[in-house]
Amino acid sequence: MRRGTHLLGLLARRLEAATASAEAAGSQAPRLFVTSALRSPLVGGTSLPGVSSHGVQGLARWGGMRPISVQALKPSDRFEPRHNSITEAEKQQMARLCGFDSLDALVEATVPAAIKRTDGMPLGPKYHEGLTENEFLTMFKEMAGKNKVFKNYIGMGYYGTHVPTVILRNLLENPGWYTQYTPYQAEISQGRLESLLNFQTMVSDLTGMTMSNASLLDESTAAAEAMTMCSAVARGKKPRFLVSDKCHPQTIAVCQTRADGLGLKVEVMDEGSFSMDSDVCGILLQYPATDGSVHNYKDIAAKATAGKVKVVVATDLLALTKLTPPGEWGADIVIGSAQRFGVPLGYGGPHAAFLACHEEYKRLLPGRIIGVSRDAQGQPTLRMAMQTREQHIRRDKATSNICTAQALLANIAAMYAVYHGPEGLKQIATRVNGLAAILSEGAKKLGLTVGSAPFFDTVRITVGDSAAVVKLAASKGVNLRQLDSSTITVSVDETTTLADLDQLLAILNGGKAAGFTAEGLAPSVSGGTPGFERTSDFLTHPVFSSYHTEHELLRYLKRLENKDLSLCHSMIALGSCTMKLNATSEMIPITWPELSDIHPFAPMDQVEGYQEMFQDLAQQLATITGFDAVSLQPNSGASGEYAGLMAIRAYHQSRGDHHRNVCIIPVSAHGTNPASAVMAGMTIVPVGVDAKGNINIAELKQKAEQHKDKLAALMITYPSTHGVYEEGVDDICKSIHDNGGQVYMDGANMNAQVGLTAPGIIGADVCHLNLHKTFCIPHGGGGPGMGPIGIKAHLAPFMPTHPVVPTGAYPDFKGDKDSFGCMAAAPYGSSLILPISYAYISMMGSQALTNASKLAILNANYMAKRLEEHYPVLFRGANGTCAHEFIIDIRPITDSTGIEAEDIAKRLMDYGFHAPTMSWPVSGTLMIEPTESESKAELDRFCEAMISIRREVAEIEAGKADPKNNALKHAPHSADVVLASEWDRPYSRESAAYPAAWVKQSKFWPTNSRVDNVFGDRHLVLRLPKVAPDTGAASDEPAEAVAA
């Protein structure tokens, strides 16, 4: 007690002294309380014992009576300071380095006056000021609670699944996985590359095919890509594609839409009526069928093969653990979704689809492919197979515009297979099939008729009045599929229990208990699919048999994660990729059951929370872009491009202008632009750029005039792909409109526009938005993404819809009768990740979003200024500034030393950084985009790394370093190289591994030395070996087994 009394007395005396000092100073202005002053100076807000608020001037006064500021009482968990990382003092310092008195002066000089936004970008009373993190999570939890989580037996390609918690926590919810970029830089991406190789092996094994890609957007998109492959195999000379009426309706719809733009004809019929005529390029079968039935397609496949018609099969991976795989009965291409391998329903996505085929079609395979190669030391390593990873590099010669994948979801599915292994998967499948068999027998016992064909997990039941049964089920919290007026289907899954079957049987019995139980019925029921049993082995590599306990899988996940550089380690300054903060508060909701456990075809009265979010998000995006409406269906940027162009096409056709098919595209455009235009049935007319990298306006106007009778659209990126706010963009838009065309704006660079201008203000008619760039959805190591499109009112009626859940333009959906068709398997694309962007916008508010754009511009200009003495900065705007990114030219260095952009990119890894965008949009350059959520300290660290590398180049220029045997040519330096017993290089081990002081504090080691891309292309290996090596244990490096 004496010690406590002494402390109180000491505090009191110091307070009295401080108060007396303040009064003696004669302070005139009242001082305001800061938030901390409103709390007790001791713990928990408890007053000091024995000291009143009036004694010794009162402990809370701390220097006299002061009025309380309302600002000081506002919540302290505002989001903007967590996202926008530059301080006020730093803004001033950085702007002055760039030659401007303030940040606002820099922005004023950068954004052309003719297109500046002046309305403050009002987001409405709810969101304009921005919610705090806790306010948002509380509000959104209430909104999500309006969704009703029913037991779902709808099926149609979507099934309940148990996400293993070790995968949920350590992969899906782990920023070390979800903040990675696409694995272009293989040496710092070996972890996810290994996991994706596991995915490809899993798919290849289960489908019985030779090879698979590393995922596609969804099953329906994969079917459309397969159809396009069939046409490409036939060199475009066979325009007909036959589709079984037993396919899922969304798959049929997406194929029909895609065929329309490509000049193909989709014919839907019973597969027994297929005629393999000379103008048929392919057929599509569903196995099992949409109603659950399993059919023997072997004879149809043989007939197709004899007629030189390609066979595409849509299938289910879990079913293939029990059924004969399509590759064993004649399929050429196999597609499907890996969703039920541990990926939540999420109201439709994101999910990892797949496309597997025979090796002869590898050059036509869409999407990314992971292959095996070797590094500079001859060690096996993994990489993206360059010649097949993205067909859009072929521009208008491409057969696909796929620019992304679903890497994060593919990794989850692969880990699900690794965790369960082949026997575990068969056990799950046997249980699911057994539950379906019991349900079928129970339905028959109730006097109902069930389908006569074999089935895996879906039972077809004739119930009389199917609508009444579906309604009764809904009243019990159960969703069934109404197949027709008298028939339902019930799809069971991994989450189904015997108790669930009892509930289903009661529903089939009119709501009354069946009089028997599923458990009692089980001993008399036989499962399986007679005549279709699988006999071939699958997943035989040790990786699928070694990690079945949580400890082992946890360590495997961590081992792979530690091989990959992500935003957890350092900034990723990739130009045109916008690798910004993916805040935890934005990510938290995606695993809430109210969002993750909703079937995409659930009735609308069960998804009121989702619909409210769609309305609010669409209005937010419409305001931000200056458009009237938004479509939320496209689930990637390239899909958004395609949707926008198809809407333009439909608009012209609605006016009788079927002849308008010319699309003007600058040569500097992203490769997906011409690829998307070709898919939409348009003819490309290229336009050049001037010496400053800007669009050649005179040439563009001349070509718009030249093609005015057929002009459909212009595709333009703004700010430009060269990182410049070009002057005259409004004049360009006017010229296109004057000649009868529409303006499509690529939204890749929206991060420099938000709050400062907008596509609708500039003059665009439609623009896609990369929510995985500007609006904070993480890149996930190569997907997921979302590409919703904003449109002017005259294009809104033509937005994509869906055959199961009609949709269209939001907010205030008004109908879909003029829609151009269906874009995705799910009505709202990858719905589960839309809350991430909704959270970002809602927590930032109008001013903070505008500030983010300003800081993105400031950071880019600051870095350009710091680096310009060391590397030429290629393009700048009229007042000498760049937008949110800039390009440095490495070609002069290459000419004088032989050091190339790739050498600098690889050397950056030794400094702990991912390389900027390499050799795009200009060969021999690096494009740098810092984003607003990087601190000045991180910007400086990156600049110091680049300057240090330039000094290493200078040593080569001065003859002090060998032009071929130097730290840049040998970069990156892996641990096994640096720690080797022998070192014969003319520079030190320390300079190789620790080229800067900060690297010693936290070293990120590249897994391998530089990857040999040529070797990988010449020796294409795309899967793990089918027969495991006789080692007795799993290899930590599955690529080693392959290379051997």
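Mentor: Let's settle one term before we start: two residues are in contact when they have heavy atoms within 4.5 Å of each other. Keep in mind too that this is a predicted model.

The protein has 34 helices and 26 strands. Its radius of gyration is 31 Å, close to the 31 Å that the globule rule gives for 1044 residues, so the protein is as compact as a globular protein of that length. The C-alpha trace spans about 95 × 75 × 70 Å along its principal axes. Of the 1044 residues, 62% count as buried. If you take the contacts with a separation of 6 or more, 77% of them come from residues 24 or more positions apart.

Now for the close look. Helix 27 covers residues 901–910 and helix 28 covers residues 936–957; their axes come within 10 Å and cross at roughly 125°. That angle makes helix 27 oblique to helix 28. As for handedness, helix 27 passes helix 28 in a right-handed crossing. On the helix 27 side, the contact is made by Ile904, Arg907 and Leu908. Helix 28 brings Phe942, Ala945, Met946, Ile949 and Glu952 to it. Sort these residues by class and you get six nonpolar, no polar and two charged. The spacing is worth a glance while you have the helices on screen: an α-helix has 3.6 residues a turn, so residues three or four places apart point the same way.

Most residues other than glycine have a negative phi, and most peptide bonds are trans. Trp920 and Pro921, though, are joined by a cis peptide bond, with omega about 5°. Pro921 sits in the loop between strand 24 (917–918) and strand 25 (925–928). Thr931 isn't a glycine, yet its phi is positive, at about 70°. Its relative accessibility is 1%, and since anything under 20% is called buried, Thr931 counts as buried.

For positive phi, look at Cys776: its phi is near 75°, and it is a residue other than glycine. Cys776 lies in the loop between strand 21 (766–768) and strand 22 (789–791), and at 1% relative accessibility it counts as buried. A glycine with positive phi turns up just after helix 14, where Gly510 has a phi of about 80°. Helix 14 itself (residues 498–508) has Asp500, Leu501, Leu504, Leu505, Ala506, Ile507 and Leu508 buried.

Ala638, Glu641, Tyr642 and Leu645 of helix 20 meet Thr672, Asn673, Ser676, Ala677 and Met679 of helix 21. By class, that contact divides into five nonpolar, three polar and one charged.

Finally, here's where the contact term we began with comes in for a single residue. Val311 lies in strand 6 (residues 310–316) and is buried, with a relative accessible area of 0%. Leaving aside neighbours within four places in sequence, Val311 is in contact with Ile283, Leu285, Ala301, Ala304, Gly330, Ala331, Asp332 and Ile333. Arg235 is exposed, with a relative accessible area of 71%.

Conventions. Residues numbered from 1 in each chain as written. Predicted model: local features only at pLDDT ≥ 70, side-chain atom pairs only at ≥ 80, totals over all residues. Heavy atoms only, no water. Axes fitted to C-alpha atoms, helices over the stretch in contact; angles between N-to-C directions. Helix = DSSP H or I, 4+ residues; strand = E, 2+ residues; numbered from the N terminus. Parallel < 35°, antiparallel > 145°, perpendicular 65-115°, else oblique. Left-handed = near helix turned anticlockwise from the far one by under 90°. Nonpolar A, V, L, I, M, F, W, Y, C, P; charged D, E, K, R; others polar. Rg over C-alpha atoms; globule rule 2.2 N^0.38 Å. Buried < 20%, exposed > 50% of the residue type's maximum accessible area, 1.4 Å probe, protein only.
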